[in-house]
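Welcome! Let us walk through this structure together, one question at a time.

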Amino acid sequence: MRSVFVTGPGSVEVREIEKPEAGPRDVLLRMRASGICGSDHMYISVGGIPPNQGRTPLGHEPAGEIVEVGAEVTGFQVGDHVVIDTMAFTDGLLGSGGDQGGLNEYVVVRDAAPGRQLRVIPRDIPWEVAALNEPMAVALHAVNRLEPKTGDKIVIFGAGPIGLGALLGAKSKGAGHVVVVDLQQERLETALRIGADAVINSATEDVKERLLELHGRSVGGFLRDARPDTDGYIDA
Ligand SMILES: NC(=O)c1ccc[n+]([C@@H]2O[C@H](COP(=O)([O-])OP(=O)(O)OC[C@H]3O[C@@H](n4cnc5c(N)ncnc54)[C@H](O)[C@@H]3O)[C@@H](O)[C@H]2O)c1
């Protein structure tokens, strides 16, 4: 089967490797889609991840289909579509330095258990949408750590996939006013389309002045300078 490896600084190769075999406690996945993350760019530029530098399999934003279920595994069926927690594998991270990557044709999930490494999703979700599960989970995790309260005023720096995912997450958790800041106007237009209350182009606008306009001035505290009354900041 084919797999995508980082083979050195700036070097990526498609290689033929052995198809993995599933044991009685394992599930075999046929990979159907995988995002390419900003972190993959970093892995490529440094030649892979130690101790697998020079031979690091890529792909940690995957979605796949179950093609084999071990005799002792419960809760999965052949044909199930799944999203994948790449950090929950028992034999190393998937696509971030472990021996397998989401850009393999097949991936074996050792000691597979529902809700542990895999979650079954409806079959009508397109593969490229299912593969967004991992970056959107990253974005939602950022929002969860912020613990926004209903009505909070939030600023998100960066309107890439993670910033836009954080925007969706913040709105879904009841944030009252979300401002997205970026230098790329096209990305800010997307932020507005998917629910940002306002955007700031930091290449052309004064961020602090605009935030004071949008979120008002904070009262109290020891600072003499005007400070925006923003409740939470996310750096994406
Ligand atoms: N699996 C993971 O853990 C995971 C997944 C995806 C992304 N990430 C990380 O999350 C971060 C964001 O990812 P992304 O894919 O959205 O990146 P991205 O590069 O697509 O988006 C970042 C955005 O920030 C904007 N930006 C840069 N400097 C800015 C500044 N000074 N002020 C305002 N905006 C600025 C850029 O114009 C860009 O639109 C990255 O660090 C990435 O490595 C982690």
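A polar contact is a pair of N or O atoms within 3.5 Å; within protein, one must be able to donate a hydrogen and the other to accept it, and residues adjacent in sequence count only if both atoms are side-chain atoms. Helices (H or I, at least four residues) and strands (E, at least two) are DSSP runs, numbered from the N terminus. This is a predicted model, where local features need pLDDT of at least 70 and side-chain atom pairs count only at pLDDT 80 or more, while totals for chains, interfaces and linings use all residues. Residues are numbered from 1 along each chain as its sequence is written, and side-chain values use heavy atoms, with hydrogens and water left out.

Q: At the start of α6, which backbone nitrogen does a side-chain oxygen of D206 reach?
A: Helix α6 covers residues 207–215. At its start, a side-chain oxygen of D206 comes to within 3.1 Å of a backbone nitrogen, that of K208.

Q: Which residues of helix α6 are buried?
A: Buried means under 20% relative accessible area (1.4 Å probe, protein chains only). Strands β9 (153–157), β10 (177–182), β11 (198–201) and β12 (232–235) are among what covers these residues of α6. The buried ones are V207, R210, L211, L212 and H215.

Q: Is E65 buried or exposed?
A: E65 sits in strand β5 (residues 62–69), and its side chain makes a polar contact of 2.6 Å with that of R32. Beyond neighbours within four places in sequence, its contacts (heavy atoms within 4.5 Å) include L28, H81 and W127. Because its relative accessible area is 18%, E65 counts as buried.

Q: Which side chain has an N or O atom 2.7 Å from an oxygen atom of the ligand?
A: A nitrogen atom of the ligand lies 2.9 Å from an N or O atom in the side chain of E134. For Q184, the distance from a side-chain N or O atom to a ligand oxygen is 3.0 Å. The 2.7 Å distance belongs to the side chain of R187.

Q: How much of the ligand's area does the protein bury?
A: Accessible areas come from the Shrake-Rupley method with a 1.4 Å probe. Taken alone, the ligand exposes 850 Å². Of that, the protein buries 59%.

Q: What separates the centres of domain 1 and domain 2?
A: The domain assignment, automatic or from a database, gives domain 1 (2–131) and domain 2 (134–235). Each domain supplies at least three residues to the shell around the ligand. Taken over C-alpha atoms, the centres of domain 1 and domain 2 are separated by 33 Å.

Conventions. Buried < 20%, exposed > 50% of the residue type's maximum accessible area, 1.4 Å probe, protein only.
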